[in-house]
Structures are given as structure tokens and as C-alpha cells.
Amino acid sequence: MKKILIIAMSLLVSAGFTACDLDRYPDNGIPEGEILTKPDAQEAQQIIFGIYSGLKSAGLYSGVMTLGPDIQSDLVQAVIGFSNNYGELYRWTAKSTNSEVEAVYGNLYAMIARCNFFLEKSAALDFSGVLPDVVEVFHKCQGDVYFIRALCYSELIRLYCKAYDPATAESELGVSIVTTYKNIPKPHRSSLKVSYEQVLSDLRMAESLVKRDGFGSPYVTVGAIQSLYARVYLYMNEWESAVEAATKVIDNPNYELADATNGRDPRTSDYAQMWSTDDGREVIFKVAMSYTDRGGALGLPFLGAQVNYKQFVPDYVPAEWVLNLYSAQDVRKAVFFQMQRTAYYHGLTWPLVFKFPGNVNIDSEAQQLMLTNEPKIFRLSEIYLIRAEANYRLDNERAANDDITALRRKRIMGYGMSSASGEQLFEEIRNERVRELFMEGFRLSDLKRWGLGFSRKAQESTVEGANTLKVAASAPLFTWPIPKHELDATGSEVEPNESND
């Protein structure tokens, strides 16, 4: 039987297939050997559209990979009677067979396989005598693919590896590096150092090929590449390189921080509009969706089954300590949280999470509330926070305070100036990451790389036991287990994590 390539489904998207169909092998699928046999620009672009479509998966940015790590941390509390969605992660009982752990791992490697297929196929083509315009299309496509592969590997490292320490990175386990589609060697884990080197190598290739730029883009841009550089260098403790990459993004005239203070009602500000339309000059790189081609619903665990926003059954409510972090003048609190009475029998009334209220354009086309937002993979605010933290590590406290000031003046009414120093400054940076990046998937990896544990405090109508959980910085589950099926696969030489025990 001929092998049918998953990404060949991208050729059928125009006929009405959705992102979910990318995981099927259709009867009329295109045999692998018949795809990209010559330098065909249209065929190359169709394959790339299929790769981009994979980012929509509810196992990645529109669901588990964004929400799972934050729900596992101390940012929210499970409500009594909740559906047990993300329950094992929340209780810190997730094993190597956990569906969320498997979904993220599997989806990321599926994306990597698609990238490897295109790069391998395009490298084997004969471009002699081909029009320059066609060659340019292939270069652009290759640049996009190198970036997406780098992004996927960076996420695998962030979730399935320990925090990076330059002194031990050569001996710590990284991820399984696969850069070929055919003739794949027995899977085994490279070192953490080699794993990050692969990410940087792919980024350098992307940087040499991608020339497009602009804000709010669903396609790879120069700004997106520099943003991933900044994030990766921060995680690698390469502080000077993180500052350099972040500065390139911040100085890029395409981007500017959305203003949360420029509306009479906070929910009409530019910042609020960015969350209801998923657009704006602060957005660097996002996942495009439409009402006919969507991924998961990021707002569902926080608002639940509801009709016209009148009946709420949330699985999770924000932790009180998070709510208390926002000052009365901080507009983000009104944008992210709204006091609502729930439909639970005990009538819980709580500030529910409205950070993902559903894209109004998608909802209006669908004529129903679907709580679907386009995931914003990179925003300018994160880049300011990266530079602030890296400058703090370099003892450039004034520069770190300047970045915190710049961000807060766009978020807090009448804000003056940050002037913290020492450990207090570091605490302010950590707290600002909570305020700004709440439920965007960073908290667990932040705590891991800072070497911090956490404690939950009991709250009204939340699940007993789990709502008072204490987790030490050394807890193995800060690093997710390698899925059991990966360890048990025939010929696998993949080594487990401590959390696999």
C-alpha cells in the first residue's frame, strides 16, 4: 500500500476540509511520492498552508499547550463540581499516559514531521532553469518551515526538559531531534545543549530566508523570528543575546503596545479590543482562524456551557492572590475578569476569566458564541518583559525599570515610574509576568527556570485538597513525562524523565 502523507490534506482545504481533517488519511489522498516532484510554487504554498493549519490544533496553542501549564500551576482553582478537564494536571497526578501530555507531544512531533517532509522534498528538487519568482517562493516557504520547526522544538524543550543550566546542559536530557522525513534513525534524546542548538540553527536559517514583516501576522515575520530568539535566549540564560534580540523587536516600527487606558470603559480600550478581535499592533504572530476553520476554545474552561453569556459553568476560577496583584488602577483586571453568578447549585459568584471571550468576528459569522480566539503566540508585552528580566540579570536595573515603566503606562491609569532594585525588582518582574501573561502558558516553565515552588490557598467552593496543594521546586512534574507509547515503541531508545516514575 502506498504511504499517504498527512499534509497532503492541505491540498483539499479549499474543498471544505477543516484543520481536524489533517489527522486523517483520506481515500483520495495524494500518495507521498507524487507530491512536490518538481519546483511547483503553487503546490509548495499549499503544503505550507497545511503546516500552518496544524498550529490550530486544540492540542497546541488553541488548547492544551496554552492552558495546561497554567492550570497546573497556582493561577487558578478548580470549582467543586468541575468537569475534571485538565484534572490530572491540576492535581499534579498526571502520568505518562495522560491525554494532555500525549496531545502536546504528539502534535508537536507531527508538526515537525510535516516540516521535515517539505524541507527534504524541496532540497531534492532541481531548480536549474526555474524562474527566479518560483525560486523565491520556495525560499520563503523554507524560511517559514525552519521557523515553525524551531518553534515546535522550543516548546518541546520548555515542557519536557529541565530548566537550562549552562554548567550542566551537555549532560541533561533534551528532546529527540529528528530532521529527516525518511530514513529516521532510532529515536533517542539529545542533550539539552544540542537540543537548543538545533532550535538556534533553524532560526538562523529562517532569519536568512524570511523578509516579510508586519503586525498581527498569521505568517512568519522578521519580528516573529527575533521574538523566538529573545524567548529562547532568556530560557538559555544568554542574557545579552536576549536583550539584543528583544531590542530588535521593540525598536521595530511595526509594533507598539496596545493602550489599556485610552477608553472611558476599560473594556472599550485598544487593549481590550486586542482580546476581542485578536488584532492590533502589539500582536507579533498569531494563529489564524475562521468560524469554518477553528481549533479549540480557550475560553471554555473558564466560562463553560453558557447561553448568551447568561449561564456560566466554569471549571476554573482565578486564584485570589492573582486578583490581588492588580491595583485598582490596573485596567487589565477589568479586561481579564468579570464578576458573574454561576449556574452551580451553590450559586458561586466569582470574577470569572474573560481573557478569551471569543473573537467577535468569528462569532458574528458563526452567529453563535464559541469562545474561540486566535492564539497570539508572540505579543510585544512579552518581549518587554524578556528584556526587563535579562537586563536585571545583567545588573542593568535602570534599563529593566524602564521596560517595566513602559509596559505599565499602557496598562495602569496614571502610572508614574518603576524604581525598584535588587530582589524587589526581580519580584516585580515576576509579578508583571503573572499580570500580563495570565493563562498564556508561561507560568509553569517560569517557576521551573526560577527554581520556585508554590502553594495554593483554600478558596470558597473550590476542590478541597487540590486547593491547598504545596509543590516544591524540586517536584518532578515541573517537567512533563515522556508519553508511555513513545518509550514503549519498537526500537525506541528514548529515555524517560523523573516524572515518568
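Predicted model: local features only at pLDDT ≥ 70, side-chain atom pairs only at ≥ 80, totals over all residues.

## Exercise 1: salt bridges

Arg281 has 32% relative accessibility, so it counts as partly exposed (buried is under 20% relative accessible area, exposed over 50%, partly exposed in between, with a 1.4 Å probe and protein chains only). Residues are numbered from 1 along each chain as its sequence is written, and side-chain values use heavy atoms, with hydrogens and water left out.

**Task.** Find which side chain meets Arg281 in a salt bridge.

**Solution.** 
- Step 1: apply the criterion, a side-chain nitrogen of Lys or Arg within 4 Å of a carboxyl oxygen of Asp or Glu. Glu256 is the partner, at 4.0 Å, N to O.
- Step 2: Arg281 sits in the loop between α9 (270-277) and β2 (283-286), and Glu256 in the loop between α8 (239-250) and α9, so the bridge ties together parts 25 residues apart in sequence. Helices (H or I, at least four residues) and strands (E, at least two) are DSSP runs, numbered from the N terminus.
- Step 3: check Glu256, which is partly exposed at 45%.

**Task.** Are Lys376 and Asp278 buried or exposed?

**Solution.** 
- Step 1: their side chains form a salt bridge at 2.7 Å, N to O.
- Step 2: Lys376 belongs to strand β6 (residues 376-379) and Asp278 to the loop between α9 and β2, 98 residues apart.
- Step 3: both residues are buried.

## Exercise 2: cavities

**Task.** Work out what lines the largest cavity.

**Solution.** 
- Step 1: set up a 1 Å grid over the protein atoms alone; a cavity is a set of points where a 1.4 Å probe fits but cannot get out, and lining residues have an atom within 4 Å of a point. Points are joined across faces, edges and corners, and the volume is the space filled by probe spheres set on them.
- Step 2: the structure has four cavities of 30 Å³ or more, and the largest is about 190 Å³.
- Step 3: its lining has 14 residues, with Tyr61, Thr66, Lys376, Ile377 and Glu440 nearest the centre.
- Step 4: α2 (64-72), α5 (132-160) and β6 each give at least two lining residues.
- Step 5: by class, the lining splits into eight nonpolar, one polar and five charged (Ala, Val, Leu, Ile, Met, Phe, Trp, Tyr, Cys and Pro are nonpolar, Asp, Glu, Lys and Arg charged, the others, Gly among them, polar).

Notes:
1 Å grid on protein atoms, 1.4 Å probe; cavity = no way out; pocket = protein on both sides within 12 Å on 5 of 7 lines; lining within 4 Å.
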